[in-house]
Amino acid sequence: MEFESVRQWQGTADALTKELKRQIEQLKLSVEPPALRTVRSWRAKQLLSQPKGQEFGFRQILEGLVIILLLKKGWTLAAIAQVLPSFGEDTLEMQILAEAQGQDPTWLPAISATSLPLPTGHRPAMDLAEDAVVLLAQGILRQYERVLPGREIVRQEDSTLPPELYQALCKLGRLYIEEGLSDRAACVHTVLDNARYSLGGDRWQLGVFSQLDFRFSSVTLIDPDLRVPTSDCAEIANLSGAFGEDNVIEHRLYTQLCEATERLGGRRQHKAYTALRELFGRYSLIGERQLLDYLVENDLTPLQRMIVENFFHLVPDIWLVDGLAHRCAHCGTLMRSHPNKKLFSQGRCPIRQCIGHNSPKVSEKLDPKDILRIAEPRILTYWTGPAIDELAIFDTARQNKLNAELYPESDLCDVAINERAIGIDAKSYTSPVTLALRLNRSIGGLIHYRRRILAVSDRLIEDNPSYISTLISTLDKKGDPASLEIMSVSSVIDFLKKMPYANQT
């Protein structure tokens, strides 16, 4: 068998790049081997199922070969990401060998049964383009700060580029590829040179940048003569309130939700926001009938079309286990089929705050004929996962008959007790330093509360016992950050259980 020599293979990203080249040559596949930067990009986009903290293995060799083959067929990376996890290693091997023998196998059966459309079309591309520009603006500012003292120069190496700039290059490269063009964002020097010209101009040659409804079309990020970031660049960089890809995406989601609920007006706006965030937290996997009932009960029917189309997908067949949708017993979301049937015979929960801290367990098995919907991946990442702690705090407060409000006034904080007496924000930042730096810039809506509590996930503290001490040591000792009380989520819950009356603060 062609793959026998590498079944026990393990290695780094660099080693994987070399092994993919060797396999392509050995199998005589008519494709170009990927560069190291490309392999790292695939890993960052989670196309490669590398276990966290472990080296690449045999499956990643197969996944890398399949990605290359499908890209040649015209598949987008987004489409590949939808179907790749559904294939077992045996199937991947069979398809790769068929390609090598010139049989031109079809990959369509893997997706033809799914009711989830691939993420194509105008809006997803527009969102990706806007995220890319915001990150590019942030990366330009970061890079400018580095070279300004005269001790550093712009280097192509991934390890020396600001992460925002690297993420922007990846997203721009995806835009070029999905428009059927060669990746013209592979070189940071080329991208920075292009930034001296308006985004909607001929220099960039990206169709999405020249769309009439692309709000950054006329923007130039670097002054063409002085070679410094423009004022537009600074404004765009700060649109999301903080730097980094996570903040950019979460800010856009928040903006979309607020714009939708604002149309309802007044007090109804805030109630709608809370109801929607609670929906994403408690019912990320939901039957269509139950979803419509929830919208009626919470006076959200004017937003029904927007909610169904923008925030939920039909459950794809590729995530079913033995033809059924398995609900996670810990967080309630859709468990997904996993190649490692020995460890995850009933599926694996995709929520970071849940997996790794709980053993896989199914609470119920649902028939997809009932038309099931799952919150789209960004919702699961930025709202469903963090809601595990937020809802635990809120539910404890309610059970103790406290005057508690969830996501008050469209998210001033996560849980408010006795109106403005106590504000509680639950945080699940992996890095305590990153969280501290963000809080040093602004403590957000907690500024409106007399007592300000920051609740850190117990799961993070389990992984890093010095999390809270590191966070406190990095927070500013004066001003608003110094007013924060830092506690674990379990400590906050214990604190609420000891409050006998809602007006006790």
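A: Axes are lines fitted to C-alpha atoms, for helices over the stretch in contact, and angles run from 0 to 180 degrees between N-to-C directions. Helices (H or I, at least four residues) and strands (E, at least two) are DSSP runs numbered from the N terminus. This is a predicted model, in which local features need pLDDT of at least 70, side-chain atom pairs count only at pLDDT 80 or more, and totals for chains, interfaces and linings use all residues. Residues are numbered from 1 along each chain as its sequence is written, and side-chain values use heavy atoms, with hydrogens and water left out.

Q: How do the axes of α15 and α20 lie relative to each other?
A: Two packed helices are described by the angle between their axes and the distance between the axes. Here the axes of α15 (residues 377-399) and α20 (residues 489-497) come within 9 Å and cross at roughly 10°, so the two helices are roughly parallel to each other (an angle under 35 degrees).

Q: Which residues make the contact?
A: On α15 they are D389, A392, I393, T396 and A397, and on α20 V489, V492, I493, L496 and K497, where contact means heavy atoms within 4.5 Å.

Q: What is the phi of I371, and where does I371 lie?
A: Most residues other than glycine have a negative phi. I371, however, has a positive phi near 60° and sits in the loop between β4 (362-366) and β5 (372-375).

Q: Is S410 buried or exposed?
A: S410, in helix α16 (residues 408-411), has a positive phi near 55° and is buried, with a relative accessible area of 5% (buried means under 20%, with a 1.4 Å probe and protein chains only).

How values were computed. Parallel < 35°, antiparallel > 145°, perpendicular 65-115°, else oblique. Buried < 20%, exposed > 50% of the residue type's maximum accessible area, 1.4 Å probe, protein only.
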